[in-house]
Amino acid sequence: MSSESPAWQVDIDAAATAALAAVTEATDLAALREVEVAALGRKGSVTALMKRVGTLAKTERRAYGAAAGSLRQQVTAAIETQRDQIRAAAIAAELDDDTFDETLPGLNPARGHVHPLSRVRLELEEVFTSMGFSVLDYPEVESEFDNFEALNIPGWHPARDMQDTFWLKSGHLLRTHTSAGQVRAMHQFKPPFRAIFPGKVYRYESTDASHDHTFHQLEGLMIGRHVSVGHLLDSMRTLLSAIFKRDVQVRLRPGYFPFVEPGFELDISCQVCGGDGCSVCKQSGWVELLPCGLVHPNVLRAGGLDPDEWQGWAFGLGLSRLVMMRYGVSDIRLLLGGDARFVEGFHAGA
Ligand code: FA5
């Protein structure tokens, strides 16, 4: 240190000497990590010196900052070099060891799998984008307006009882269906447009083989002039044949939803039991899969559209149930149960 060196230079030099010596003395990775934390960690010696810059006179700060920064770089580089050396030494020692057999096969890394829900969703996205649909992503935390009121379900409506959900203190809720995106889409796009919006939905629900409190749906919405039930049924037929790649028995019956008029329920013959009756289809042989209908004029109005000019259709596919039907899954709770063995059963191409 020259006689003109500032007073703090002593501290910087002392810290450098101590930290670099400690690095050299650390001969295994754990010890080196301790040295790293002691020097560069939140409460480390070098970090403390870095923080000291604020206490110095303005005229000294630049020089001090540069010195402390270079100390930090020096210590970081020394630690990296030491770490490389420790690793190289460990490998060399292992290779020298006569008991090491380099011809043994390596360990197989655990391979992940695409979840069947994601696989079916991606396939459907492909089918619908090929028909000119956009794929939209809307929030799971929704306003009461978008989830209910805009869909012709005011607070007093009995349909609310069928879709109770989890409420936030702010008055928002976890959406009960992907239909919550319908009015958002109408505000977002100029008609005519067509879109699907898949996603997770939530209900206050006691669970069984075919009901979960958290499950997936996929909404389809088409807004245009002269839109008809014919378009709707054709899109649903395309959807089902893309997923099953064979004929499956379906039945269409009238269904009531306040946000469509007319409304339908499309059921599919239970693919778990082949229609004989099981816990998934509640012994009926049929599974509710694809409710749909023509968008109610009040919903079009809530979306800022004139019902005399624009019409639309919508469907709300039970995506989790579709996955169950496609793969013959006998309990919906397996889908989001988090047991990796379940997902491992679905390898590529399944
Ligand atoms: C709805 O959620 C409407 N939003 C669907 C709709 C959209 C109708 C557009 C008309 C126009 P529903 O509550 O029936 O309807 O649910 C739709 C589908 O989700 C059901 O057919 C079923 O396949 C699935 N589903 C409903 N509840 C559950 C549950 N608890 N667990 C798993 N899947 C369920």
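**Helix packing, ligand contacts and backbone details**

Colleague: At what angle do helix H9 and helix H11 pack, and are they parallel or oblique?
Modeller: In this predicted model, H9 covers residues 229-244 and H11 covers residues 319-327. Their axes are 10 Å apart and the packing angle is about 45 degrees. Angles of 65 to 115 degrees would count as roughly perpendicular, and those under 35 degrees as roughly parallel. H9 and H11 are therefore oblique.

Colleague: Is the crossing of H9 and H11 left-handed or right-handed?
Modeller: The handedness of H9 crossing H11 is right-handed.

Colleague: Which residues of H11 meet H9, and how does the contact divide by residue class?
Modeller: H9 brings Leu 239, Leu 240, Ile 243 and Phe 244. Facing them in H11 are Leu 322, Met 325 and Arg 326. By class, the contact of H9 with H11 has six nonpolar residues, no polar ones and one charged.

Colleague: How do the axes of H5 and H11 cross?
Modeller: H5 spans residues 116-130. Its axis comes within 10 Å of that of H11, and the two cross at roughly 100 degrees. That value makes H5 and H11 roughly perpendicular.

Colleague: Which residues of H11 meet H5, and how many in the contact are charged?
Modeller: From H5 come Pro 116, Leu 117, Arg 119, Val 120, Arg 121, Glu 123 and Leu 124. From H11 come Leu 319, Ser 320, Leu 322, Val 323, Arg 326 and Tyr 327. The contact of H5 with H11 has eight nonpolar residues and one polar, and the charged ones number four.

Colleague: Which residues come nearest to the ligand?
Modeller: There are 25 residues around the ligand. Those that come nearest are His 177, Ser 179, Arg 203, Glu 205 and Glu 288.

Colleague: Which ligand atoms lie 2.8 Å from the side chains of Arg 203 and Glu 205?
Modeller: For Arg 203, a polar side-chain atom is 2.8 Å from a ligand oxygen atom. For Glu 205, a side-chain N or O atom is 2.8 Å from a ligand nitrogen atom.

Colleague: What is phi of His 226?
Modeller: His 226 lies in the loop between strand S5 and H9. Its phi is positive, in a residue other than glycine, and is near 60 degrees.

Notes: Residues numbered from 1 in each chain as written. Predicted model: local features only at pLDDT ≥ 70, side-chain atom pairs only at ≥ 80, totals over all residues. Heavy atoms only, no water. Axes fitted to C-alpha atoms, helices over the stretch in contact; angles between N-to-C directions. Helix = DSSP H or I, 4+ residues; strand = E, 2+ residues; numbered from the N terminus. Parallel < 35°, antiparallel > 145°, perpendicular 65-115°, else oblique. Left-handed = near helix turned anticlockwise from the far one by under 90°. Contact = heavy atoms within 4.5 Å. Nonpolar A, V, L, I, M, F, W, Y, C, P; charged D, E, K, R; others polar. Near = heavy atom within 4 Å. Polar contact = N/O pair within 3.5 Å; in protein donor to acceptor, adjacent residues only side chain to side chain.
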